Every structure is written in C-alpha cells, then in structure tokens.
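Subject: Structure handover

Hello,

Here is the structure I promised to pass on. Please open it first, then read my notes below.

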Amino acid sequence: MDIAYAIEILAKILVVFGFVLVAVIFVVWMERKVLGHMQDRIGPKRVGPYGLLQTIADGMKLFMKEDILPSQADKVLYFIAPGISIVTALAAAAVIPFGDSVTLFGRAVPLHVADVNIAILFLLGATSMGVYGVVLGGWASNSKYPLLGGLRSSAQMISYELAQGISLVPVILMTGSLSLATIARAQEHLWFVVPQFFAFVIYVICAVAETNRAPFDLAEAETELVAGFHTEFSSMKFALYFLSEYANMMVVAAVAITVFLGAWHGPVLPGPVWFLIKLVLFLFFYIWLRATFPRLRYDQLMAFGWKVLLPASLVNLAVTAVVVVLKG
Amino acid sequence: MLEALLFAMFAGTAIGCALGVVFHRNPVHCALLLVGVLLNLAGIFILLHAQFVAALQVIVYAGAIMVLFLFVVMLLNVKGETPLLTPGAAKFFGFLFALIVFVEMLWTVLQPGGDAGAPAAQAPLPAEFGSPAALGRVLYTVWLYPFEITSILLLVAVVGAVVLAKRKFI
Amino acid sequence: MLGAPAVPLLWYQMLAAILFTIGVVGVLVRRSALVIFMSIELMLNAVNLSFVAFSRQYGSMDGHVFVFFVMAVAAAEVAIGLAIIVAIFRNRETASVDDVHLLKG
C-alpha cells in the first residue's frame with residue numbers, strides 16, 4: 001500500500017462524508033423553501049440570502065441547547081442509538097459511485113470510496129443495521145410514545161426492506177453483477193428505468209417508507225405520537241437523528257440514481273455534475289410527495305407493503321428472470 | 001500481520017460480547033451484545049474470504065433475526081430475573097458440563113494429525129471463492145434438494161408462527 | 001488468486017470452541033428463556049465459524065452452503081421459538097424456564 005493510494009482513499013472519504021454532511025444543510029433549506037412555496041408561503045428568508053443560512057442557525061441553536069437525559073432512560077443505549085443511525089447512513093454512502101474514474105496527477109482515480117463487489121448487499125446490510133438506531137432510540141428513552149414510535153417504524157422498515165431488496169434484484173439479473181460501479185457502467189446507452197419501470201416505482205415507494213418520510217412517516221405521526229422515537233432526544237442527539245434522516249434520504253436517492261436513472265451518464269456535462277443534478281431533482285420529488293399526500297394509517301401501510309408491493313416485486317422478478325433466460 | 005491483528009480484534013470483541021450475552025442482567029442488552037458477536041463474526045468471515053456469508057450474516061442474522069428478538073424482548077418487557085442464574089446444584093453442574101465440553105473440543109482441535117492442526121491443502125483458491133456466484137453454483141447444483149427442503153421448512157415455520165400468534169391459549 | 005491464510009486454522013477453531021462453550025454455559029445456567037434462546041444462537045454461530053474456517057482451509061464452498069442452511073434453520077427456529085415464548089408469557093406471566101413446570105407433578 002503506497003502513500004499515494006492512502007492519500008487518495010483518505011481524500012475520497014473526506015470528500016464523500018463532507019459532501020453528505022454539508023449537503024444536509026442545503027437539503028433541509030431546500031425542503032423548507034420548496035414546501036413553503038407549495039403551501040403558498042415564502043419559507044425561511046431572514047438568515048442569509050434567501051434564508052440559505054437558516055439551517056446553520058438552527059444547527060447552532062441545537063448545539064447550544066441543554067442536553068437532557070430522561071431520568072428513567074437506559075443511559076448507555078440512549079447515547080449509542082443516535083450514533084448507530086448516523087454511522088449506518090454514512091457507511092452506506094461509502095459504496096456509491098458518483099462518477100466514472102478520472103485521471104488526477106497521472107493516476108486513474110475511481111470516483112467512489114470503495115468498490116465492494118457486493119456493494120448492493122453492503123447497502124442492504126447498512127440499512128438493516130439502521131433499524132437498530134430507531135428501535136433502540138425508542139426503547140432507551142423509556143417513555144411510551146417513543147417506544148410505540150420506535151416499534152412502528154422498525155416494523156415498517158423491516159417490511160419495506162424486503163420489497164426494496166427484491167426490486168433491486170432484476171437489475172442485478174440483467175447486469176450479472178452486485179457491484180454498483182458495474183451496474184452504473186451498464187447504463188451508458190439505456191437507463192434501467194426503461195426496461196425495469198415497475199421495479200423503479202416499487203423501489204421509490206419503498207425508499208420513501210424506508211427513510212420514514214411522508215406519506216409513510218408513521219414513526220413521527222405528530223398527531224398521535226408527539227414525535228415518534230426521538231421525542232425524548234434533545235440537543236446534539238436530536239441533531240444526529242435529524243442528520244441521519246437526511247443522509248439516509250440522500251443515500252436512497254443516490255442508489256435509485258445509480259441503479260435505475262443512469263448514474264453519472266448524461267450528455268455534455270461531466271459525470272459528477274449530472275449525478276448532482278439528478279440527486280437534486282430526486283430530492284425535490286421527495287419533498288413534492290411530502291407536500292402532496294396525506295399520511296397513511298398504520299394498518300394500511302403494512303397491508304400495502306406486504307400485500308401489494310412484495311407480491312408485485314416478486315412477480316416482476318420472476319418475469320425478468322424468464323426474459324433474461326430466454327434472451328440467453 | 002494486518003490479518004492477524006484484525007483477527008485478534010474481532011475475536012477479542014466477539015468473546016467479550018458473548019460473555020456479556022450470557023451474564024448480563026438486562027435481556028435487551030443481551031440481545032444487543034449478541035448483535036455485537038454476530039457483527040464481529042461477519043468481520044472474521046470476511047477475513048476468511050467468505051464475503052457473501054458475511055453479508056448474509058449482517059442482513060439475515062443481525063438485521064432480521066435479532067430485530068425479531070429485540071421486538072419480543074421489548075414487547076414482553078421482561079425484567080432481569082432474580083436470581084440471574086439457576087439456583088443450587090444445577091448451576092454447579094452447568095458450569096461443570098460446559099467445562100467438560102470445552103476440554104473435549106480443545107482435545108479434538110489440538111489433537112496431532114487432526115484436521116485443524118494439519119497444514120491442509122494450501123493450493124491457491126480461485127479469485128471468486130466466497131462470491132455470491134460461486135455459492136450459487138454449488139447451492140443450485142450439488143445442494144439443490146436440501147435447498148428446496150429448506151424453503152418448505154421456512155414455510156412451515158411461517159405457518160406455525162402465525163398459528164401460535166393467532167390463538168389465545170396454547 | 002488468494003494466497004495461504006495468515007492466521008492458522010487452529011485459532012479459528014479455538015475461537016469457535018470458546019464461543020460454543022460460552023453458549024453452553026448460557027443454556028445451562030441462565031433462567032430466562034429468551035437468554036437461553038440467544039445462547040443457542042451463539043452456539044450455532046460458533047459452528048458457522050468452524051464451517052467457514054474449514055471451507056477456507058480446504059478451498060471448498062460446501063462449508064458456506066452449510067452456513068446458509070444453518071441460517072435458514074435458525075430463522076425458522078427463532079420464529080417458532082419466540083412465538084412459543086410469547087404464548088407462555090401470555091398465559092403464565094413469566095419468561096423463566098424454572099417457572100414452567102406443569103408436567104412436574
């Protein structure tokens with residue numbers, strides 16, 4: 001392992017994680033601004049130009065707040081739970097390729113932190129570990145609304161994880177690889193959203209449910225559960241949960257782009273720029289959903305996941321398998 | 001060198017977590033420590049070039065089975081039992097039998113000429129060893145029937161769990 | 001091509017033996033049915049480690065297949081076992097194996 005390689009890896013880690021953390025600031029701003037305009041308001045506009053620095057101000061406020069520890073909380077788990085959430089979200093970001101390899105200082109540098117040959121399994125593993133952050137946060141607070149919220153959202157995440165995983169398999173069948181870089185390269189001429197439109201729709205629905213966002217934000221149904229699993233969390237711990245929610249949003253969006261929407265491919269502009277454009281559009285779609293749909297009831301949510309999405313993704317998988325075999 | 005270091009780290013943590021599983025009072029902590037054991041074993045599987053099995057370990061074992069465990073522990077709200085261990089002679093014999101099992105296993109492992117000690121086939125492995133493709137090839141050819149039977153087993157388990165959960169009394 | 005392992009197989013077997021023994025202790029001395037269940041999982045995992053290590057040593061994928069089967073069986077076992085524990089808990093308000101002795105006479 002030579003020095004240049006080590007520097008390259010370190011630089012990429014810093015860039016990717018730094019990007020995710022900084023981008024969260026702007027995604028939060030974008031969400032509030034877009035949501036505001038969709039609801040005929042202006043949204044944040046006081047701090048900085050167009051309210052751009054509003055999130056930083058909010059972050060500072062959270063940072064300064066008193067850190068409250070509920071007296072009956074399980075202290076160790078109460079501290080660990082937000083950490084699990086953010087670590088799994090950032091770990092998942094490590095395997096996403098955001099551009100083809102570029103030549104820097106005479107070295108071919110592939111634009112992702114790690115090209116794991118089982119990248120998709122790694123992603124599924126990271127998301128399934130993310131459940132622990134939620135369920136432990138709910139349990140460790142030792143309070144009834146967080147517990148209910150934690151159980152609800154973890155049941156939801158586990159249920160939708162299945163359909164989400166299976167909706168990715170048809171693409172794996174078509175490319176014959178679990179590596180995200182290979183899948184991305186296979187879409188140079190045809191994006192997988194065209195032949196695998198149903199898989200894409202299923203993936204997007206599951207991705208929204210997986211990140212506990214509206215209309216699937218049962219975990220923090222504020223009319224019934226206060227704020228769900230993070231009701232008792234304050235200060236930096238709350239900020240970590242907040243951060244991991246948005247980091248997760250970006251990760252599932254990035255996966256959707258890599259697997260279905262042609263990754264970094266696009267005319268004229270360089271790869272990473274295209275990736276960024278697609279990411280912003282996808283996140284806009286996310287916010288649009290939130291502004292449009294009312295929240296589902298819990299039993300509707302579970303029934304939809306198990307009785308509609310899972311069978312649909314299985315049928316889609318079977319059809320794809322037959323077609324792939326017939327085409328040889 | 002790095003491999004030995006990683007092995008020591010994973011093994012040490014796994015043993016520590018395993019002791020915690022058995023001797024911690026709070027069942028929720030026990031379940032989480034077991035997750036710790038599973039994740040460390042996944043790391044060891046990667047050292048052994050079993051990437052797919054490691055991924056399965058994380059997704060299926062740590063991500064699905066243990067979450068189910070955690071659910072049940074949280075829903076039942078079982079407090080740590082007092083006393084923690086079985087009282088009386090059962091405890092003594094428990095430790096004794098465990099010791100005997102351990103000595104037997106060590107004896108088997110350390111036996112000269114045994115499988116474990118032998119500098120077995122050191123032929124270089126093919127590069128795709130442990131990949132999903134390689135596992136699939138073996139699983140769907142040599143082990144096809146056991147694989148199909150496993151699916152029936154899982155179906156039976158699902159039906160059984162639903163039946164048990166639906167009925168008011170056993 | 002993968003070279004020879006840097007850590008001898010013996011160490012992996014020792015680790016598996018230690019984990020298995022800890023699992024045995026858990027099954028034999030703990031009272032909570034849930035923890036006993038977890039100890040069984042621990043023992044299954046020790047065996048899995050042994051399978052994978054031998055697989056690496058002999059360069060055959062069969063060990064991985066066995067781990068796959070063990071995981072499937074463990075999933076089935078946990079689903080049923082936890083359902084039984086929940087049923088017992090509903091009826092008798094206890095998860096301790098020492099309190100479930102109706103057949104003792």
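Read along the sequence, chain A runs α-α-α-β-β-α-α-α-α-α-α-α-α. That comes to 11 helices and two strands (DSSP runs numbered from the N terminus: helices are H or I with at least four residues, strands E with at least two). The radius of gyration of chain A is 20 Å, close to the 20 Å the globule rule gives for 328 residues, so chain A is as compact as a globular protein of that length (the radius is taken over C-alpha atoms; the rule is 2.2 Å times the number of residues to the power 0.38).

A word on conventions. This is a predicted model: local features need pLDDT of at least 70, side-chain atom pairs count only at pLDDT 80 or more, and totals for chains, interfaces and linings use all residues. Residues are numbered from 1 along each chain as its sequence is written, while chains are lettered from A and ligands numbered from 1 in the order in which they are written.

Now chains B and C. Their contact takes 74 residues from chain B and 68 residues from chain C (two residues are in contact if their C-beta atoms, placed from the backbone, lie within 7 Å). On the chain B side, the elements giving two or more residues are α1 (2-23), α2 (27-47), α3, α4 (89-110), α5 (132-139) and α6 (144-166).

One residue to look at is B:Ala31. Leaving aside its neighbours within four places in sequence, B:Ala31 is in contact with B:Met66, B:Phe69, B:Leu70, B:Val73 and C:Met38.

Along its principal axes, the C-alpha trace of chain A spans about 60 × 50 × 45 Å.

Best wishes
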